[in-house]
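Here is a briefing on charged side chains and how they pair. Take a look at the structure first.

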Amino acid sequence: MKKLLLLLGLVVVLLAGWLVSGPYVTLRGLAGAIEQRNTSTLDRYVDFPMLRANLRAQLDDYVVRRAGPDVQSNLVGALLLTAGQKLSGTAVDAMVTPTGIGALMEGHTLWKRASNDLESSDTFAAPKAARPFEGATHRFESLSRFTATTQTAQGPVVFVLQRHGLRWKLVNIELPLDR
């Protein structure tokens, strides 16, 4: 009987350890995939459909707030606002995929090469690796929600991870859009 209780206690401790360390393992995997520019690995750590929906909602809200009530009440303004929301939604749908992120990373590399902003004097050397979670503050908001907040020149960017079973995935990036 004591062995059974000890074994049960050990299983509970191991499960709790796995749940607590899970977001940190996911952040490390995400950072590694971004640093190595490995878009195929991102699929393991990102819930792309949910991330697209959340980013689309943020951008739609931003566009509506920036337009103001005068534009929203005007028929032509409302049509332009709808077109702007469709355009931003299409852009998010195209960019928030492993292929879109790969294209963004390649575009970043090409921009660095074109602007001659490389670490070494070799024009075709890889640019400095991105470290998106460097200096981030981490916080459990619940048993199934974890955030990593980084500071940028525009304001804080919050990366939201959500638990899916025993795994954690990135589901939202809260952008500093003129809050």
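Is E174 buried, partly exposed or exposed? E174 is partly exposed, at 22% relative accessibility. Here buried means under 20% relative accessible area, exposed means over 50%, and partly exposed lies in between (1.4 Å probe, protein chains only).

This is a predicted model, where local features need pLDDT of at least 70, side-chain atom pairs count only at pLDDT 80 or more, and totals for chains, interfaces and linings use all residues. Residues are numbered from 1 along each chain as its sequence is written, and side-chain values use heavy atoms, leaving out hydrogens and water.

**Salt bridges**
- A salt bridge here is a side-chain nitrogen of Lys or Arg within 4 Å of a carboxyl oxygen of Asp or Glu.
- The count by this rule is 3 salt bridges.
- R145 pairs with E141 at 2.6 Å, N to O.
- R145 also forms a salt bridge with E174, with the closest N and O atoms 3.6 Å apart.
- That pair links distant parts of the chain, 29 residues apart: R145 lies in strand β2 (residues 145-152) and E174 in strand β4 (residues 167-174).
- Strands are DSSP runs (E, at least two residues), numbered from the N terminus.
- E141 forms a salt bridge with R139, where the closest N and O atoms are 3.7 Å apart.

**The network**
- Salt bridges link R139, E141, R145 and E174 in a network.

**Exposure of the partners**
- R139 is exposed, with a relative accessible area of 52%.
- E141 is partly exposed, at 36% relative accessibility.
- R145 is partly exposed, at 32%.

Conventions:
Helices (H or I, at least four residues) and strands (E, at least two) are DSSP runs, numbered from the N terminus.
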